[in-house]
Amino acid sequence: MADASVGGMDAAPIGGAHDAELYHPRSWVTKYVFSQDAKVIAIQYSVTALTIGLVALVLSWLMRLQLAFPGCFDFITAESYYQYITMHGMSMVVYVLTALFLGGFGNYLIPLMVGARDMVFPYANMLSYWIYLLAVIVLAATFFVPGGPTGAGWTLYPPQAIMSGTPGRDWGIVLMLVSLMLFIAGFTMGGLNYVVTVLQGRARGMTLMRLPLTVWGILTATVMALLAFPALFVGAVMMLFDRLLGTSFFMPAIVEAGTHLRHGGGSPILWQHLFWFFGHPEVYIVALPAFGIVSDLISTHARKNIFGYRMMVWAIVVIGALSFAVWGHHMYVSGMNPTFGFFFATTTLIIAVPTAIKVYNWVLTLWRGDIHLTVPMLFALGFIVTFVNGGLTGLFLGNVVVDVPLSGTMFVVAHFHMVMGVAPILVVFGGIYHWYPKVTGRMTNDVLGKLHFWVTFLGAYAIFFPMHYLGLMGVPRRYYELGEMAFVPPSAATLNVFITVAALVVGVAQLVFVFNLVWSLFRGTPAGGNPWRATTLEWQTPQTPPAHGNWGGSLPVVYRWAYDYSVPGADQDFLPQNQPPAARTVPA
Amino acid sequence: MSIAAAFFAVLAATVAWWLSRQRLMSKPWLEEGPPVDLPGAGASSPSAARLGLWMFLAVVGSLFSLLLSAYSMGLGTHGMGGAAVQPLPVPKILWFNTGVLALSSAALEWARLSARRGALDGMRLGLLAAAVSAFAFLQGQLLAWQQLRAVGYFLATDQASAFFYLVTGVHGLHVLGGLTAMAGAVARMRRGAGLEQMRLSVGLCATYWHFLLVVWLLFFSMLLLS
């Protein structure tokens, strides 16, 4: 890329109220550590999230080792097993996936894709990351406090979450709740930024309907997160009061080890309502950015415009709205008025309609496309297959009568790992491989990338596909050890060993990914500004990696939507969004 | 959950109304061309700070609507082995506090109008009156806590008193946060911020104050009706 305007930002007069306020770092520390540049913050978010993700990955190894070889490992006690479950689940859902998609991809891509110089409130954006880091540190600190992390399960259901039989009852649960509250406070600062930047910071010509679907996905997910996280916040405050100040918001009158506790009159179900009012939108907070990113990956790497752009936008919005009306389907076994069960089953099944529209549109985008099986494309295709798979078992579990017998089994573990574990993380990988050349200026290694994809994709199926069978057999989830169960055949143990071996292999394969990222930083082939020949604005920056302020002397002007690939009669097979229309002669 | 449901229904309606004006029916693939032809292109009129505040109010509104829903549900479910919840004796001072908070809100509205007219003295007076009455409100809330404790209603006494302390505490913290923001605005004025910026800052404070007044009135009426 031509590097004509390095430092030109200060020199060239720039129009618009926005530019006058762009913050300029004055020292190394404000440039790379306490940075207010969304691109640096994005990298900070991503590295932190991937690090805690590796910790959570190791925890899943430990759980798998216990399930495959019960009794072989002295350090895995029943207590520590529940601590692994809790920390693995909470870390992955909140601190890894949410932070990666919104804090990582959101920060990097929103300003670049909408044609802004930075986020609207850069200072709050910086605070957002540092509070997030503090939340992660508090979370990780629970490993080192007396009693260890909480073992209440990632849903932290009271009353057991704060009763003395549960591991981590003294410190773990308190720090977990504090960490969640910090996370939510930090996220709110970032989230307000993302929304206001998309709504207010767009370049000239960038109408909402010209936004890439990635931005639509992140925008909708952010709005949802802003509205859903308060439910978890309220719940966390109340449980903290119950634990520390003796209130009974969630605590019924209860006997513990033969003595009546001072609690009484509270409702454990109330926590479940608050938790899942956050918890179900959370699924889509992770899924919607993934939907958006996959749409862009598929369109770019199949050299074809996205099929049904309007439908895709509407579907994102409709899914976002509907996801606030389905939380009860997590509580079928908690006891519920049958009318509510019917209501929640219906809304749950209705969500399948806009979701199916999206899947059809991805497939129809691929149909007769010029498909390049690049590494990002492989991950995008892997996502579609996996998401359909996990989504279909969701239709099973959305029905009350099917859910009740399956709810306590490995079937549920298989379902939610497919749909919101494996599927979104495949998109995270795809997205990282796709945008890495923009972030660093160098390509990742293709062979290592493909190796990473195939081991991860096939391995994930080897792990989670058999779990469906285990679940249908009745193998319970959350059990530290199966022991003797008449209805579980010995072959289940063999299958557990197989799953564990697959999990170990997939885990090791992630080191290939980490190695690839680090190695390519120094040795990757230089990428140029637009290696994928993509249309969206982030690929049209004057420098790669984009400099502070993103756009050099003048902001881009947008003339077209984000998906002008293979336009008939055009000189090249893509037209960047900021390319003015050619003076075409009108055929007589 | 009726309060939360109502809040989210209003939000959904707002979003739907806003989206309906965003040309979601347009066919962007046919609309190649310069941006001037397209209404709704680029940034829209209200400033980023105003939009940011309204988004923030949506978040805080979600927080309080869920808290109040939990309150009504918590009082409703006196099953689970607990005795039926006794309604809380409402301290008389809460009426005074309500009046003071309304006064604070009105003073800020006056400051906003003065700022719009360019009457700086009126704006300063309005800000001062708002700050003093907001502090009086917080002090009054603390007194209400003391009075409740004096008649034996502590944080952990029962559901009703726990929710009372929780909701008033969270609400009071938000008032305190608003006072901090107001202090920031006053500091900017001392450093010589322009009239335009003061208009914006005072306007934002006023909006936030009205919002907190509405939240308080909602909770207070629930308290009286329980």
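Predicted model: local features only at pLDDT ≥ 70, side-chain atom pairs only at ≥ 80, totals over all residues.
Let me begin with one residue, Lys39 of chain A: if we leave aside its neighbours within four places in sequence, Lys39(A) is in contact with Tyr108(A) and Pro546(A). Lys39(A) sits in helix α4 of chain A, which covers residues 38–68. Is Lys39(A) buried or exposed? With 21 other C-beta atoms within 10 Å, Lys39(A) is buried, because the cut-off for that word is 20 or more such atoms.

The average pLDDT of chain A is 92, and 95% of the residues score at least 70. Over residues 1–20 of chain A, however, the pLDDT is below 50, although this stretch has 24 contacts in the model beyond near neighbours in sequence.

Let us now turn to how some helices of chain A pack, with α9 as our guide. Helix α9, residues 268–301 of chain A, packs with helix α11, residues 338–366 of chain A, at an angle of about 15 degrees, and their axes are 9 Å apart. That angle makes α9(A) roughly parallel to α11(A), because angles under 35 degrees are counted in that way. The crossing of α9(A) and α11(A) is left-handed. Which residues of the two helices meet? On the side of α9(A) they are Phe291(A), Val294(A), Ser295(A), Ile298(A) and Ser299(A), and they meet Lys358(A), Trp362(A), Thr365(A) and Leu366(A) in α11(A).

From α5(A), the contact draws on Val93(A), Leu97(A), Thr98(A), Phe101(A), Leu102(A) and Phe105(A), while α9(A) brings Glu282(A), Ile285(A), Val286(A), Pro289(A), Ala290(A) and Ile293(A). Here the residues of the contact of α5(A) with α9(A) divide into 10 nonpolar, 1 polar and 1 charged.

Next, the backbone, where a few places deserve a careful look. Most residues other than glycine have a negative phi, and most peptide bonds are trans. With that in mind, consider the peptide bond from Pro158(A) to Pro159(A), which is cis, with omega near 5 degrees; Pro159(A) is placed in the loop between α6, residues 122–141, and α7 of chain A. A further cis peptide bond runs from Thr544(A) to Pro545(A), with omega near -5 degrees, and Pro545(A) is found in the segment after α16 of chain A, a helix that spans residues 491–523.

In that segment after α16 of chain A we also find Asn550(A), whose phi is near 65 degrees, a positive value in a residue other than glycine. Asn550(A) is buried, with 24 other C-beta atoms within 10 Å. Ser566(A), placed in the segment after α16 of chain A as well, has a positive phi near 50 degrees, but with 16 C-beta neighbours inside 10 Å it counts as partly exposed.

Finally, let us bring in the second chain. How many residues of chain A are in contact with chain B? There are 52 residues of chain A in contact with 46 residues of chain B. On the side of chain A, the elements that give two or more residues are α7 (172–200), α8 (213–245), α9 and α10 (309–322), and the largest share, 9 residues, comes from α8(A). This side of chain A divides into 35 nonpolar, 13 polar and 4 charged residues.

As for chain B, its secondary structure comes to 6 helices and 0 strands. Of its 226 residues, 36% count as buried. If we take the contacts in chain B with a separation of 6 or more, 77% are between residues 24 or more positions apart.

Conventions. Residues numbered from 1 in each chain as written. Chains lettered and ligands numbered in written order. Axes fitted to C-alpha atoms, helices over the stretch in contact; angles between N-to-C directions. Helix = DSSP H or I, 4+ residues; strand = E, 2+ residues; numbered from the N terminus. Parallel < 35°, antiparallel > 145°, perpendicular 65-115°, else oblique. Left-handed = near helix turned anticlockwise from the far one by under 90°. Contact = placed C-beta atoms within 7 Å. Nonpolar A, V, L, I, M, F, W, Y, C, P; charged D, E, K, R; others polar. Buried ≥ 20, exposed ≤ 12 C-beta atoms within 10 Å, placed from the backbone. pLDDT = per-residue confidence, 0-100.
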